Amino acid sequence: MNAQVIELPSVAPGRLALLGTGTVGSAFVARYQALQARGLALPRFHWLANSRAVLACEGAPEQPLQQVRQAPRVAAAAAPWTQADALHAGDVVVDATASETVAAEHAHWLARGVHVVTANKLGQGAQQQRALQIAARCVETGACYGDSATVGAGLPLLSSLRALVEGGDRIHRIEGVLSGSLAWLFHRYDGQQPFSAAVREALDAGFTEPDPRVDLSGEDVRRKLLILARACGLGLGDDQVLVDSLVPAALAALPHAQALAQLDQLDEPVRQRWQRANDAGQVLRFIGSVEAGAARVGVQSLAADHPLASGAGTDNRVAIHSDRYRHQPLLIQGPGAGAEVTAAALLDDVLRITRNGMADRS
């Protein structure tokens with residue numbers, strides 16, 4: 001008896017689109033090529049874009065990356081990436097920007113079955129309605145939302161929280177050093193050099209956002225707290241986080257370029273805080289904490305042996321208090337800033353989505 005051969009319909013492999021060609025986007029391309037050279041199965045690059053241009057990729061993305069980075073700036077209101085070929089269900093969009101405009105598209109892409117992988121915190125770390133829409137579109141279409149890079153630059157924070165909740169644990173409080181840039185700054189600052197000099201070092205090293213006031217104001221940590229809270233069911237609206245900013249009002253009001261030139265406005269207030277802490281035998285750390293209905297962000301003076309005072313460099317150090325970890329919190333620590341670790345987290349999510357998609361087809 002001859003076996004009947006049944007041809008299954010072919011499924012086009014998902015394509016990859018990259019938005020953002022700065023330090024993180026460039027590091028993403030470099031890691032993509034390194035993993036591809038090692039033989040890992042990755043979706044092929046379809047196009048990449050920044051705020052100035054969009055460019056199709058027919059082969060390796062390195063040359064298009066350089067071309068789009070050198071594209072002239074334009075004053076057009078429309079984002080150039082909207083001119084790209086329509087995305088298909090199963091494609092993966094990687095958002096390596098900090099753009100509100102791009103984040104506003106996340107739910108729309110998911111609704112079309114397009115997977116989203118993001119380092120942009122303005123998806124789930126902004127308006128609560130947007131976060132709810134993202135979650136709903138994932139359920140409706142089965143598209144995946146890879147957000148490992150939004151908090152802790154890929155540390156297993158979000159995955160650990162979600163695993164605990166899925167296992168029936170209840171999260172009571174999360175607290176920690178959530179900004180790699182601010183961790184680096186307060187580990188480095190010793191009261192001897194101006195604080196603004198350390199900020200410029202961190203900016204040059206790619207540890208801060210392009211506008212370091214986003215980090216110094218506590219806004220970056222505020223967004224991360226919202227993402228963490230929403231990941232584990234701690235009800236928190238975007239207006240329920242109390243923030244103690246390091247940025248004086250006069251500096252906050254300046255345009256970007258002028259603000260970078262006047263960072264010395266930070267120096268004396270930080271020096272005074274550091275001196276008071278040092279006189280008491282303590283250290284300064286920038287802490288975020290969240291529990292049901294309440295969250296706080298700001299500098300705290302901690303004893304040198306406090307669990308959140310240790311670490312080094314850009315280390316994030318986070319304590320999770322729950323039913324399971326009631327008497328001694330779960331501590332997660334590791335590098336929390338830098339283009340390379342953020343790019344690695346983005347690619348990890350791309351690989352996870354790709355592998356899950358291949359498993360679904362088998």
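User: How is the chain divided into domains?
Analyst: Into two pieces: domain 1 covers 16–153 + 340–360 and domain 2 covers 157–336. Those bounds come from an automatic or database domain assignment. Heads up, this is a predicted model, where local features need pLDDT of at least 70 and side-chain atom pairs count only at pLDDT 80 or more, while totals for chains, interfaces and linings use all residues. Residues are numbered from 1 along each chain as its sequence is written, and side-chain values use heavy atoms, with hydrogens and water left out.

User: How far apart are the centres of domain 1 and domain 2?
Analyst: Their C-alpha centres are 26 Å apart. The contact (heavy atoms within 4.5 Å) involves 14 residues from domain 1 and 18 residues from domain 2.

User: And how much area is buried between domain 1 and domain 2?
Analyst: About 1,400 Å², with 60% of that from carbon and sulfur atoms. Buried area is the accessible area (1.4 Å probe) that two parts lose on being put together, summed over both. On the domain 1 side, K121, Q128 and V151 lose the most, together 39% of what that side buries.

User: How many salt bridges are there between domain 1 and domain 2?
Analyst: Two, where a salt bridge is a side-chain nitrogen of Lys or Arg within 4 Å of a carboxyl oxygen of Asp or Glu.

User: Is C232 buried or exposed?
Analyst: Buried, at 9% relative accessibility. Buried means under 20% relative accessible area, exposed over 50%, partly exposed in between (1.4 Å probe, protein chains only).
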